Amino acid sequence: MLVISLLMLAIAIVCSIAFGVTDIPISSVWESFTHYNMSTEHLIIRTTRVPRALIAASVGACLAVAGAVMQVMTRNPIASPSTLGVNSGATFFIVMSTSLLGISGMGAFTWVALIGAAVSGGIVFTLGSIGRDGMTPVKITLAGASMTAFFASLTQGLMLTDGKMFDQVLVWLVGSVAGRDMAQLQTVWPYMAVGMLIALLLARHLNVLAMGDDVAQGLGQRTAHIKLFAAIATILLAGASVAVAGPIAFVGIIIPHIVRYLVGNDYRWILPYSAVLGALILVAADLGSRYIAMPKEVPVGVMTAIIGVPFFVYIARKGRRT
Amino acid sequence: MSKYRSLRSANSKFSILIEKRTLWVTLILFILCIVVMLISTGIGSLYISPLGVIKAIFGRGEPMEQVVVEKLRLPRIVIATLIGASLAVAGAILQGVIRNPLASPDVTGITEGASLGAVLFMFIFGGTVSIHWMPLAAIGGALLMAALLYILSWKHGVEPLRLILVGIGLSAAVKAISYMFIISGPLILAQRSLVFMSGSIYGTSWDKDVLTLLPWVAILLPITWLQARNVNIQALGDDVASGAGASVQKQRLFLIFLSVALAGSAVAIGGAIAFIGLMAPHMARKLVGSSFGSVLPVSALLGALILLVADLAARTVFLPRDVPAGVLTAAIGAPFFIYLLYRNRNRY
């Protein structure tokens with residue numbers, strides 16, 4: 001089944017490269033790599049379409065894995081980088097550093113985004129775990145929602161008062177994978193890769209953790225260590241994604257649920273499947289976003305939110321059995 | 001001498017318990033509001049002394065000050081008061097009816113629905129239909145959102161927690177749709193809508209804003225006050241309330257409608273100013289207890305006060321920038337929400 005999903009991902013990427021405002025025949029997609037001839041088509045493919053598809057794929061994969069890890073850690077079915085405020089924290093830090101400190105450049109952005117993700121994630125986790133019952137789904141969701149509101153309104157305030165920022169506003173409001181180049185992806189790639197590696201290495205321990213803190217400790221797991229590493233992984237994955245694509249919502253919620261439905265509860269399988277399906281859905285959503293308001297493009301973040309919310313509502317209705 | 005006085009109409013359709021303490025608190029807050037209004041009117045790029053402001057209001061000020069106060073500052077101050085009051089009351093009703101301290105028009109996504117209604121109005125009818133109809137669009141959006149929220153969280157009755165979770169999800173969707181319109185529209189509308197979505201009362205005028213909002217507030221606030229006994233009984237819980245002879249569902253629907261209408265009309269003018277509906281009722285309950293007859297006036301005044309101060313800070317502290325007031329209320333409000341969450345940490 002993993003092979004089928006990989007195949008679908010490959011097809012989606014090829015489609016994403018070929019279709020858009022200008023449709024390009026598949027044959028010339030191939031030619032642009034084998035016989036590059038500086039034609040407009042080849043230029044479009046090399047400079048915009050390919051980076052865009054690859055960014056969508058890697059961001060989708062990262063967010064989905066981050067969501068899956070967070071859902072185990074918090075034992076909350078609606079945890080994800082976007083609902084728990086990690087994305088909006090990273091976004092706010094980027095906007096703040098550009099507007100107030102004049103920082104620019106992808107490398108710096110990545111670090112700032114990672115710090116933002118860590119700060120906001122830390123606050124939400126702390127708030128979510130205070131109280132007698134420890135970390136409950138409702139508390140952590142509410143904490144996440146309020147931190148999201150907090151950071152989002154600060155971000156909007158900064159953007160509205162700083163005229164220079166306004167043309168970049170949209171990226172930092174909803175997240176988009178359009179208009180990026182390869183260099184940006186290359187800068188964040190190492191962080192994504194490290195995050196992904198940590199997550200995959202943790203998979204075995206996450207299986208144990210999923211049974212509950214008490215059971216995990218009883219089985220001899222050092223839960224604090226595992227949670228710390230899991231937190232590092234999510235922050236790397238989410239922060240790097242935000243640095244390159246802005247806050248894209250709901251991929252982190254939907255995918256892990258679909259995957260659990262497909263492959264069961266073994267995180268050694270859930271994580272790789274999440275990565276592949278996350279990449280698939282974001283590439284597909286990005287492809288769809290080009291057709292909704294032709295010839296203009298809707299940012300992919302809007303697409304994922306519209307797809308994701310019915311799902312979110314479904315999970316929120318179903319939940320509460322815990 | 002009794003601590004209470006009760007106001008009751010002959011057929012008991014209307015009855016309110018008034019605590020002496022409430023009267024004092026209301027009076028003090030009222031005076032505080034007036035003082036802040038006077039000071040706030042005076043502060044800006046042209047400083048006018050409070051006395052000068054009073055003179056200008058009664059039409060005897062110096063010509064220059066007269067124009068600034070009358071045309072520029074006063075409408076903004078009045079609108080801040082009205083919006084603050086309506087949002088606070090809308091929140092107070094919701095908290096009473098949903099029986100959850102964390103409920104408010106913004107947390108449940110009703111404000112987002114209203115701002116989507118208003119954004120759609122701007123994009124579809126921009127300029128062709130009088131702006132006086134915008135509250136209707138916003139209220140429509142808010143009502144639709146409230147209805148959707150209620151239906152989607154209905155599962156053998158509406159459970160407050162599910163309501164909030166569904167609200168969080170819905171508001172994300174609505175926000176995304178608003179962004180979609182903002183992005184696909186012309187840039188000038190985009191900037192206007194974005195300011196609107198973060199909530200700002202910049203550049204208000206008598207004719208366009210105050211006269212549009214005033215009728216709604218003037219009608220809805222008294223109606224709400226007359227409903228005070230029904231809110232009180234709702235707060236007891238469904239079983240007790242129906243045992244006491246209230247037709248719970250009907251009243252709840254009407255009360256939610258009132259709350260949504262208040263929030264919607266406020267959002268139509270001021271945009272999605274966040275967290276006032278959450279903060280003001282809590283402070284009010286701290287001050288005067290939980291009887292809705294007292295909570296309503298006190299939270300209305302507190303809401304007005306919060307927005308007045310936030311707007312004053314928004315337009316003076318960051319000079320020459322004019323930050324949307326909603327950013328400031330969110331900056332105060334989110335920590336407050338966290339504090340509430342902390343206070344209720346053992347409840348969820």
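Which residues in H3(A) do A:Ser28, A:Val29 and A:Ser32 in H2(A) meet? They meet A:Glu41, A:His42, A:Ile45 and A:Arg46. Before I go on, please note that this is a predicted model.

Let me stay with that pair of helices. Two packed helices are described by the angle between their axes and the distance between the axes. Here, H2 covers residues 26-34 of chain A and H3 covers residues 40-74 of chain A. Their axes come within 9 Å and cross at roughly 75°. Angles from 65 to 115 degrees count as roughly perpendicular, and H2(A) and H3(A) are therefore roughly perpendicular to each other. As for the residues in this contact, two are nonpolar, three are polar and two are charged.

H3(A) comes up again when we turn to the cores. The largest nonpolar core has 216 residues, and the ones that touch the most other members are A:Val65, A:Val69, A:Val283 and B:Ala118. H3(A) gives the most to this core, with 19 residues. What does A:Val283 touch, if we leave out residues up to four places away in sequence? The list is A:Ala12, A:Ile13, A:Ser16, A:Ala53, A:Ala56, A:Ala57 and A:Gly60. There is also a second, separate core of five residues, and among them are B:Ile48, B:Val53, B:Ala56 and B:Val68.

Now chain B. Its secondary structure comes to 14 helices and two strands. Chain B has 348 residues, and 51% of them are buried. Taking the contacts in chain B with a separation of 6 or more, 74% join residues 24 or more positions apart.

One helix to look at is H12(B), residues 276-288. From its first C-alpha to its last, this helix of 13 residues reaches 18 Å, close to the 18 Å expected at 1.5 Å a residue. Is H12(B) largely enclosed or largely open? It is largely enclosed by the rest of the structure, because 10 of its 13 residues are buried. The buried ones include B:Leu278, B:Met279, B:His282 and B:Arg285. Just after H12(B) comes B:Gly289, with a positive phi of about 85°.

Last, the place where the chains touch. Here 38 residues of chain B are in contact with 39 residues of chain A. On the chain B side, H6 (160-184), H7 (187-198) and H14 (325-343) each supply at least two residues. The largest share, 14 residues, comes from H6(B). By class, this side of chain B has 28 nonpolar, six polar and four charged residues.

Technical notes: Residues numbered from 1 in each chain as written. Chains lettered and ligands numbered in written order. Predicted model: local features only at pLDDT ≥ 70, side-chain atom pairs only at ≥ 80, totals over all residues. Axes fitted to C-alpha atoms, helices over the stretch in contact; angles between N-to-C directions. Helix = DSSP H or I, 4+ residues; strand = E, 2+ residues; numbered from the N terminus. Parallel < 35°, antiparallel > 145°, perpendicular 65-115°, else oblique. Contact = placed C-beta atoms within 7 Å. Nonpolar A, V, L, I, M, F, W, Y, C, P; charged D, E, K, R; others polar. Buried ≥ 20, exposed ≤ 12 C-beta atoms within 10 Å, placed from the backbone. Core = buried A, V, L, I, M, F, W, Y, C linked by C-beta atoms within 7 Å. Expected span 1.5 Å × (residues − 1).
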